[in-house]
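Thank you for making time this morning.

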Amino acid sequence: MVTGGAGFIGSNLVDRLLAEGHQVDVVDDFSTGSLHNLAPARASAGRALTIHHLDITVPAVVELMARRRPALVFHLAAQADVRVSVARPAFDATVNIVGSLNVLEGAREAETERVVFAASGGTLYGDPAPEDLPVRESHLQQPLSPYGVSKKSVIDYLVAYRELHALEFCALALGNVYGPRQDPQGEAGVVAIFAERLLRGEPVTVFGDGEQTRDFVFVDDVVDAFVRAATRGGGLVCNIATGRETSVNQLLATMADQAGIETTAVMAPARPGELLRSSLDVERASIQLGWRPWTELAEGTRAVLDYVAVRPGLSGPPG
């Protein structure tokens, strides 16, 4: 079962699981996910794919899981916008904490073997000092947003359920995931935003001085980590990223060059609370999951530009 399976990362994971011959149940309320993301899966999977239009915050998800009895649950459904979490912390907690508890209760009743949880490496560790970068999993977990707090809380619940109910888990603390199908209107979608605006010939806005850094990791690499975590890394939090920092200015320059477009960024005031630097150490994932990122940033951004270029209303592939 994949919660949030119609989303950007979830739908790519569904494709991988189906390609490996698994039967997959998708649970999604389609508030941010899309049936369009599942179009390839729906076209090829036949009875191997079952889609449930359901909100994880309602008790019916527990009943569904008890009935379907998934052997493994990939829990990606979430309220994932940091700004929404600041403006509506109770809503964020309802989706991310209460909803996750419903998923855990469903997994317990279904006697599920393991839950693989999508955590957030960009918020879990707060604002680490530059000398602590790239951040290891042993770093103090001190999130500075309600979203980060809710994700940390779910990890705490996973630990408790492991002790109380022998429900195994692996939590993946993700860097800034990007790739095809990412919503340019969504949170942390700067690569998708840049691609769409560059190809439309629209101004590209950069907040602050553009020297803030992020650890960009390609979606195919992330999906591979989820699949590996299905059988490895029990009881652990593992960072899934590249361990490298890329500034927003560097990202824009790379993508503008790939698109063959000369652009000057429109500078805007820095957004309150935005981290200045972020990168995650991935050594634990290498040891425990046998995982390493393999997609270079230039290769990944090219894939995003190619994907965005063929969407309706945009010109052909970038030159």
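If we look at what lines the second largest pocket, the residues divide into nine nonpolar, three polar and three charged. Please keep in mind throughout that this is a predicted model. The pocket itself has a volume of about 310 Å³, and of the 15 residues that line it, the closest to its centre are Leu17, His22, Gln23, Leu72 and Phe74. As for secondary structure, strand E2, residues 24-28, and strand E4, residues 72-75, each supply at least two residues of that lining.

Which residues is Ile97 in contact with, once we leave aside its neighbours within four places in sequence? They are Asp92, Ser150, Ser153, Val154 and Tyr157. Thr231, by comparison, is 134 residues from Ile97 in sequence, and the two C-alpha atoms are 25 Å apart in space.

Now to the whole protein, which has twelve helices and 13 strands and whose C-alpha trace spans about 55 × 45 × 40 Å along its principal axes. Because a compact globule of 319 residues would have a radius of gyration near 20 Å, the 19 Å of this protein agrees with that expectation. Of the 319 residues, 52% count as buried, and among contacts between residues at least 6 apart in sequence, 81% join residues at least 24 apart. Finally, the accessible surface comes to about 14,100 Å², of which 51% belongs to carbon and sulfur atoms.

Methods: Residues are numbered from 1 along each chain as its sequence is written. This is a predicted model: local features need pLDDT of at least 70, side-chain atom pairs count only at pLDDT 80 or more; totals for chains, interfaces and linings use all residues. Side-chain values use heavy atoms; hydrogens and water are left out. Contact means heavy atoms within 4.5 Å. On a 1 Å grid over the protein atoms alone, a cavity is a set of points where a 1.4 Å probe fits but cannot get out, and a pocket is an open set with protein on both sides within 12 Å along at least five of seven lines; lining residues have an atom within 4 Å of a point. Grid points are joined across faces, edges and corners, and a volume is the space filled by probe spheres set on the points. Helices (H or I, at least four residues) and strands (E, at least two) are DSSP runs, numbered from the N terminus. Ala, Val, Leu, Ile, Met, Phe, Trp, Tyr, Cys and Pro count as nonpolar, Asp, Glu, Lys and Arg as charged, and the others, Gly among them, as polar. The radius of gyration is taken over C-alpha atoms; the globule rule is 2.2 Å times the number of residues to the power 0.38. Buried means under 20% relative accessible area, exposed over 50%, partly exposed in between (1.4 Å probe, protein chains only). Accessible areas come from the Shrake-Rupley method with a 1.4 Å probe; for residues, only the protein chains shown count as cover.
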